[in-house]
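Here are some notes to read alongside the model.

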Amino acid sequence: PWVARLACSGSHGDFRFCDGNWLSRWQLPALVKSVSTVVALDKQTRQEALDRGVPENRVVIIRNGLVFKRPLHVRPAAPLNGAPLRVLFLGRLAAQKRLSTLIHAWQQAVGPTSTLELQLAGDGEERGALEALVEALGISSNVNFLGQLDDPQTTLEQAQLFVNPSESEGLPNAVLEAAACGVPLVLSDIPIHREIAEAVGMADYLFAVGDAQALAVAIRKFIGLHPAARAQLSQRCAAFGQRFLPQNRDSAYLHLYRKLLESRNC
């Protein structure tokens, strides 16, 4: 028995990647026929497996498990006229993430003289182009490229808002980690993001992929919230994110492996 795990869906999904390579495209039918189980991270990756011919009884959803170095500290929401608001993106600086949308939205939402800060944590092939865009828009004073972080938990716990403008995801760990830290979420309107946003009561903050103006409106809307309303969103996000326990993931995989071995009398 062998198990395949789908890590991403949509325009940058695993099946889409296979379509772009003649060898993997040629091999895919045989792989689909022989696979014992396909592990999907969410409903969309599951549906993509079914659409490619994997039998329904061979597809299971096993969610990610979040691992933190130390106990989580969920900060209480404070008025935004005190410490500067930190809006955070955490992940690869890659075309898939559509970070130019976030940078344009930031310029529209707060302008070059604001004391609010946009933090971009992570590294990747798009960093140089994004830094040039920030400079060209005149907002380098309140956009900070943090690079690769050894301890992202501290940065997550200090953020007041997390934004992910990506066009394609599987089950995004950075989004789940931000939620677990009690950080409210403004997300692009792709299937997994919508599922998360609806679970935490932030579906009204979803924006279309690539729509900088709509993202700017969502950021301004959050900035204008009363601290009590932000605290409520923070609590809902923390309750949702902290459900993704590693022991739940591990138990699901152990159950799957035992079931497969027993089916082969191993």
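1. Where is the place of arginine 70? Arginine 70 sits in the loop that joins strand S3 (59-61) to strand S4 (86-90). Keep in mind that this is a predicted model.

2. Which residues does arginine 70 touch, leaving aside neighbours within four places in sequence? The contacts are Asp151, Gln153, Thr154 and Glu157. Glutamine 153 is 83 residues away from arginine 70 along the chain, yet their C-alpha atoms are separated by 8.6 Å.

3. Glutamine 119 belongs to strand S5 (residues 117-121). With a relative accessible area of 7%, glutamine 119 is buried, because buried means under 20%. Apart from neighbours within four places in sequence, glutamine 119 is in contact with Arg86, Val87, Leu88, Phe89, Asn144, Leu146 and Thr155.

4. In soluble globular proteins, nonpolar side chains tend to be buried together. The largest nonpolar core in this model has 61 residues, and Leu102, Trp106, Phe162 and Leu185 touch the most other members. Helix H4 (residues 99-110) gives the most to this core, with 7 residues. A second, separate core has 12 residues, including Ala4, Leu6, Phe15 and Val32.

5. Phenylalanine 162 deserves a look of its own. Not counting residues up to four places away in sequence, phenylalanine 162 touches Leu88, Phe89, Leu90, Leu156, Ala174, Val175, Ala178, Val183, Pro184, Leu185 and Val186. Leu88 and Phe89 are among the contacts of glutamine 119 as well.

6. Now the whole chain. Its secondary structure comes to 11 helices and 8 strands. For 266 residues, a compact globule would have a radius of gyration near 18 Å, and the 20 Å of the chain agrees with this. The C-alpha trace spans about 65 × 40 × 35 Å along its principal axes.

7. How much of the chain counts as buried? The share is 46% of the 266 residues. The chain exposes about 12900 Å², of which carbon and sulfur atoms supply 52%. Among contacts with a separation of 6 or more, 71% are between residues 24 or more positions apart.

8. A last point concerns charge. The chain carries 27 positive and 25 negative side chains. The centres of these two sets lie 6 Å apart.

Notes. Residues are numbered from 1 along each chain as its sequence is written. This is a predicted model: local features need pLDDT of at least 70, side-chain atom pairs count only at pLDDT 80 or more; totals for chains, interfaces and linings use all residues. Side-chain values use heavy atoms; hydrogens and water are left out. Helices (H or I, at least four residues) and strands (E, at least two) are DSSP runs, numbered from the N terminus. The radius of gyration is taken over C-alpha atoms; the globule rule is 2.2 Å times the number of residues to the power 0.38. Buried means under 20% relative accessible area, exposed over 50%, partly exposed in between (1.4 Å probe, protein chains only). Contact means heavy atoms within 4.5 Å. Accessible areas come from the Shrake-Rupley method with a 1.4 Å probe; for residues, only the protein chains shown count as cover. Lys and Arg count as positive and Asp and Glu as negative; His and the chain ends are not counted. The place of a charge is taken as NZ of Lys, CZ of Arg, CG of Asp or CD of Glu. A nonpolar core is a set of buried Ala, Val, Leu, Ile, Met, Phe, Trp, Tyr and Cys residues joined through side-chain atoms within 4.5 Å.
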